[in-house]
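Here is a short briefing for a reader who is new to this structure. Please look over the sequence and the model before reading on.

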Amino acid sequence: TKEELETARNSTQNAHYTAGDIVTSIWKAVRRLGFNGGLVLEPSVGTGNFLGLMPQDVAGNTKFIGPD
């Protein structure tokens with residue numbers, strides 16, 4: 001339908017993900033900056049790489065916020 005086509009078109013602007021090696025590097029960087037847990041905003045969630053590749057020692061102290 002016309003509505004479904006419009007929905008599909010709108011979804012392509014967010015149809016991406018951050019590769020695992022980049023996510024791992026970002027986690028290393030925030031750890032060096034002193035992050036040991038807390039609140040993390042993950043506005044796109046996508047494939048869940050930021051959540052899935054989070055260092056284990058940070059995981060128990062971290063809460064993610066994402067879209068509904």
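The chain has 68 residues, with four helices and two strands. Its average pLDDT is 85.

**Confidence**
- In the chain, 91% of the residues score at least 70 in pLDDT.
- Among the elements, helix 2 (residues 20-32) has the highest mean pLDDT, at 93.
- Helix 1 (residues 2-11) has the lowest, at 83.
- Where pLDDT is low, predicted coordinates should not be read in detail.

**Fold**
- Along the sequence, the pattern runs α-α-β-α-α-β.
- Take the contacts between residues with a separation of 6 or more: 63% of them join residues 24 or more positions apart.

**Overall form**
- The radius of gyration of the chain is 15 Å.
- A compact globule of 68 residues would have a value near 11 Å.
- Along the principal axes, the C-alpha atoms fill a box of roughly 50 × 25 × 15 Å.

**Surface and charge**
- Of the 68 residues, 12% count as buried.
- The chain exposes about 5,300 Å². Carbon and sulfur atoms supply 55% of that area.
- There are 6 positive and 7 negative side chains. The centres of these two sets lie 9 Å apart.

**Thr-18**
- Thr-18 sits in the loop between helix 1 and helix 2.
- Beyond its neighbours within four places in sequence, Thr-18 is in contact with Val-23, Asn-49 and Phe-50.
- Leu-53 is 35 residues from Thr-18 along the chain, and their C-alpha atoms are separated by 11 Å.

**Gly-37**
- Gly-37 belongs to the loop between helix 2 and strand 1 (38-41).
- With a relative accessible area of 27%, Gly-37 is partly exposed. The reason is that buried requires a value under 20% and exposed a value over 50%.
- Neighbours within four places in sequence aside, Gly-37 is in contact with Val-58, Asn-61 and Thr-62.
- Ile-22 is 15 residues from Gly-37 in sequence, and the two lie 19 Å apart in space, C-alpha to C-alpha.

Key:
Residues numbered from 1 in each chain as written. Predicted model: local features only at pLDDT ≥ 70, side-chain atom pairs only at ≥ 80, totals over all residues. Heavy atoms only, no water. pLDDT = per-residue confidence, 0-100. Rg over C-alpha atoms; globule rule 2.2 N^0.38 Å. Buried < 20%, exposed > 50% of the residue type's maximum accessible area, 1.4 Å probe, protein only. Contact = heavy atoms within 4.5 Å. Areas by Shrake-Rupley, 256 points an atom, 1.4 Å probe, with all protein chains shown as cover. Lys, Arg positive; Asp, Glu negative; His and termini not counted. Charge placed at Lys NZ, Arg CZ, Asp CG, Glu CD.
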